[in-house]
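User: I would like to go through some labels and the values behind them. Please set each value against its definition.

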Amino acid sequence: MIQNKKQLCGLENLGNTCFMNSSLQVFINTDGISDYFLNDCHQEDINLINPLGSQGEVVQALAQLIKDMAKSKKNVVRPTDFKRVIAKHYYQYEGNQQHDAAEFLTCLLDCINEDLNLVKQKPYIDLPDTQNRDDIVVALEQWDAHTQRNQSIIVDLFHGQYKNKMTCPHCKYQSISFDAYMSVQLPLDTKNDKQVPIYILDQNQTKKKLDIPLLKDYDIQWLKDKIRDHLMTENVQFDFCNMEKNEQVQLYETLLSLKQRGLKVLARPLTDYEICVQGLGMKIQITHIDQQERKLTETITYIRNKSSTIADLFRFVEQTFGGGFDLYLQSQPNDSKQNCQKCGKFNCRYCYLPISNKPLSEFQQFHLVIKWFNQREFQCDQQQLTLQDCLHFFQQQQQLDAENPWYCKGCKQHVRGFKQLQLYSCPQNLILHLKRFKNSQHERIKNDSFVRYPHLLDLSKQVINRKLPTHYLNDGDPSLRYQLYAVVNHYGDLDFGHYNAYVKGEQGTWFMCDDSQIYE
């Protein structure tokens with residue numbers, strides 16, 4: 001038996017074929033692939049009658065390319081024959097146009113799967129309704145249906161299963177299926193311009209952006225419940241505000257109305273003290289301004305004991321935000337016709353509040369304004385985008401566009417259903433595709449956001465079927481940890497870009513495969 005020692009070999013660029021070369025490098029250097037073809041294991045598996053394949057021509061050309069790379073003395077191979085065969089069966093790869101490496105890799109794996117499919121005649125399988133049945137039963141049933149039609153080394157190494165849940169926005173009818181996948185396409189645009197800005201304020205007065213897919217037909221109560229679930233506590237103070245003042249919102253209002261009113265949401269877990277005095281305390285709204293009385297940040301509500309004095313409030317502000325400020329009482333909001341609670345004047349906007357032992361209970365409402373001696377604003381936690389962020393956003397519920405409706409069996413009509421994809425099971429080798437390109441009206445735009453990914457990826461919190469029987473998928477590492485072994489990189493834009501690949505060698509050394517050049 002021939003064993004490939006992973007002696008890396010370059011591939012010549014035939015004219016804008018860097019997309020093909022980089023994809024081939026990561027595929028060929030996947031454990032088990034080279035050995036499978038070098039030992040001619042594919043010869044017995046070729047399906048010559050499958051109309052969806054190339055009658056074995058692509059896998060034969062691939063096998064010959066792998067053998068040429070393994071025995072090359074110059075450490076570089078010209079993949080002319082392989083490119084010709086691919087272009088013969090997939091006309092989009094004729095000529096020397098640039099293409100997307102992820103699309104090519106998907107196309108190649110699909111073709112190999114069909115060429116090596118042990119199923120000669122694919123049976124028609126009518127799956128029963130999934131209503132009121134356990135997920136594990138339906139998942140096993142649909143995976144069995146998938147393998148009755150697809151049996152190849154590609155299925156063994158690269159196929160997993162999604163849980164695809166569709167929900168009707170009107171009658172709440174749900175349809176659940178468990179679909180096979182070969183790669184996971186992760187969105188990078190986790191910040192949706194159509195969303196309402198949501199911030200979580202921690203104990204260090206640091207804001208962290210919280211990205212929750214906001215379904216515009218849902219109401220404020222749904223949003224509050226989502227945030228409470230995220231913070232894992234029921235004791236949360238919500239402020240809906242713009243840069244002028246806090247706004248009152250009703251629980252039945254839709255999220256679209258928040259967007260139209262230009263409001264942002266600031267949520268803050270209550271402290272133990274605030275929880276204790278919640279019933280006996282009073283809410284104090286604090287707005288921060290500079291010396292020119294320009295608003296610097298959101299209005300935030302705190303709960304203090306009514307028996308507390310203004311001196312206590314001064315100490316609280318100093319301990320919470322630091323020194324260097326004056327306090328003012330904003331007794332008359334812009335839309336109010338009440339007189340100032342402190343000086344009694346009708347036209348008073350900001351009334352200076354000196355330190356005193358006067359209790360807060362003497363005031364009906366307390367909107368405090370902090371005027372800072374120096375510029376002061378909250379820090380915003382600008383964390384880098386991580387692979388876990390992309391995976392989290394990928395599995396969130398999204399509403400379908402009006403151009404892509406879903407037929408609801410409950411309503412008997414096409415609706416803009418809510419779709420949610422979740423990783424139900426993962427394959428032995430997991431392909432993650434970062435969706436950096438998106439279409440606009442006139443061009444394709446690349447998202448250059450930096451994504452930090454680990455060398456060891458733990459998916460135990462993302463995959464929802466961790467308790468499946470061992471004879472099903474995930475019969476390897478039960479902790480669902482994936483070791484990074486190859487990366488395809490893209491530089492520039494789509495029209496004038498370039499691909500190369502990083503591949504991890506047997507000794508743990510990383511190599512860059514840039515067409516014919518191999519660098520350590």
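**Aromatic pairs and a helix contact**

Analyst: One aromatic cluster is formed by Phe19, Tyr93 and Phe104. This is a predicted model, in which local features need pLDDT of at least 70, side-chain atom pairs count only at pLDDT 80 or more, and totals for chains, interfaces and linings use all residues. Residues are numbered from 1 along each chain as its sequence is written, and side-chain values use heavy atoms, with hydrogens and water left out.

User: Why is the pair of Phe178 and Tyr424 called edge-to-face?

Analyst: Rings of Phe, Tyr and Trp (its six-membered ring) pair if their centres lie within 6.5 Å; planes under 30 degrees apart count as stacked, over 60 as edge-to-face and the rest as tilted. The ring centres of Phe178 and Tyr424 are 4.8 Å apart and the planes stand at 70°, so the pair is edge-to-face.

User: What makes Phe178 and Tyr424 count as buried?

Analyst: Buried means under 20% relative accessible area, exposed over 50%, and partly exposed in between (1.4 Å probe, protein chains only). Phe178 has 3% relative accessibility and therefore counts as buried; Tyr424, at 5%, also counts as buried.

User: Why is α3 called roughly antiparallel to α4?

Analyst: The axes, lines fitted to C-alpha atoms over the stretch in contact, with angles from 0 to 180 degrees between N-to-C directions, cross at roughly 165° and come within 9 Å. Angles under 35 degrees count as roughly parallel, over 145 as roughly antiparallel, 65 to 115 as roughly perpendicular and the rest as oblique. That makes α3 roughly antiparallel to α4.

Notes:
Helix = DSSP H or I, 4+ residues; strand = E, 2+ residues; numbered from the N terminus.
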